[in-house]
Amino acid sequence: MPGHKRKYNVRFPPSRIKKIMQKDAEVGRIATAVPVIISRALEMFLESLLTKTCLITQSKLMHPSIAAPSLSEAVHRVRETLPFSQRPGGGSHVCCSPEDRQSCKTDTAADETQLQSRHNCREDTAAEQTQLRMRHSCRADTTIEQTQLHMRHSCRADTTTEQTQLQSTHSCKAETAADETQLQSRHNCREYTAAEQTQLHMRHSCRADTTIEQTQLHMRHSCRADTTTEQTQLQSTHSCKADTAANETQLQSRHSCR
């Protein structure tokens, strides 16, 4: 799209770099790509500086983290690796006398020797970096293996917890089955007790009926005894009447005899 601004993946904001550059009166118009290039160059410079500082710290075993002396030494090494004309405070010096030319040649030979030794040091540092990368890769592999072991242990722990939960559920089911069996036995016992109570009620009712029948029998016997006494009284009254009649007959016979 024509109105869409392109975004660059840089760490230092190009707009701030552009503002810093425009503070200089000699700087005119700035192209869009210039702040981005400067930002990327700053990233590369800081990356190389920190890498060298890290190598110095690891080689000397000074401190577990990057310190100021290691950074200062890395800056001095970067200055030494620059050409003579690009060093801070240096410049293009013109040797006029033969002695100066000879000293310049000697300095150039010394610089070449130093550069050769620095190249050798760079090769050593490159080998050390390779070894460090191999160590880091080995550490990463061991870290991955440890992570896998942790995952396996966690999976085993999860399976153990699941087995424990299953055992607890099985024990709960067994307990519920036992409770149901106990409840069923209680219900059966209650049914038996209800049947026994019904039988007892029936027995009590039968006993009450027999008691009533016995009472009725007693009443009948008492009624029979009463009738027997009445009959005896009637017989005694009849005998008394017969006696009185005989006495009267005797009296009449006596009167007639007189």
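## Nonpolar surface patch

Phe45, Leu46, Leu50 and Ile66 make up a nonpolar patch on the surface, and their accessible area together is about 360 Å². Patch members have over 30% relative accessible area and no salt bridge; like charges are joined within 9 Å, nonpolar side chains (Val, Leu, Ile, Met, Phe, Trp, Tyr) within 5 Å. Areas follow the Shrake-Rupley method with a 1.4 Å probe, and for residues only the protein chains shown count as cover.

Ile66 sits in the loop that joins helix 2 (33-60) to helix 3 (68-81). Its relative accessibility is 46%, so Ile66 is classed as partly exposed. The classes are buried (under 20% relative accessible area), exposed (over 50%) and partly exposed in between, with a 1.4 Å probe and protein chains only.

## Basis of the model

The model is predicted: local features need pLDDT of at least 70, side-chain atom pairs count only at pLDDT 80 or more, and totals for chains, interfaces and linings use all residues. Residues are numbered from 1 along each chain as its sequence is written, and side-chain values use heavy atoms, with hydrogens and water left out.

## Helix 2

Helix 2 contains 28 residues and spans 41 Å from first to last C-alpha, close to the expected 40 Å at 1.5 Å a residue. That expectation is 1.5 Å times one less than the number of residues. Buried positions in helix 2 include Pro35, Val36, Ser39, Leu49, Thr53 and Ile56.

## Salt bridge

Side chains of opposite charge can pair when their charged atoms come close. The whole structure has 1 salt bridge, defined as a side-chain nitrogen of Lys or Arg within 4 Å of a carboxyl oxygen of Asp or Glu. The side chains of Arg40 and Glu43 form a salt bridge with an N to O distance of 2.8 Å.

Arg40 and Glu43 are 3 residues apart in helix 2, so about one helical turn separates them. Arg40 is partly exposed because its relative accessibility is 44%, whereas Glu43, at 12%, is buried.

## Chain totals and cysteines

The protein chain has 4 helices and 0 strands, taken from DSSP runs numbered from the N terminus (helices H or I, at least four residues; strands E, at least two). Of its 258 residues, 7% are buried. The chain exposes about 22400 Å², with 57% supplied by carbon and sulfur atoms.

There are 0 disulfides, a disulfide being a pair of cysteine sulfur atoms within 2.5 Å. Cys155 is partly exposed at 46% relative accessibility, and Cys240 is partly exposed with a relative accessible area of 46%.
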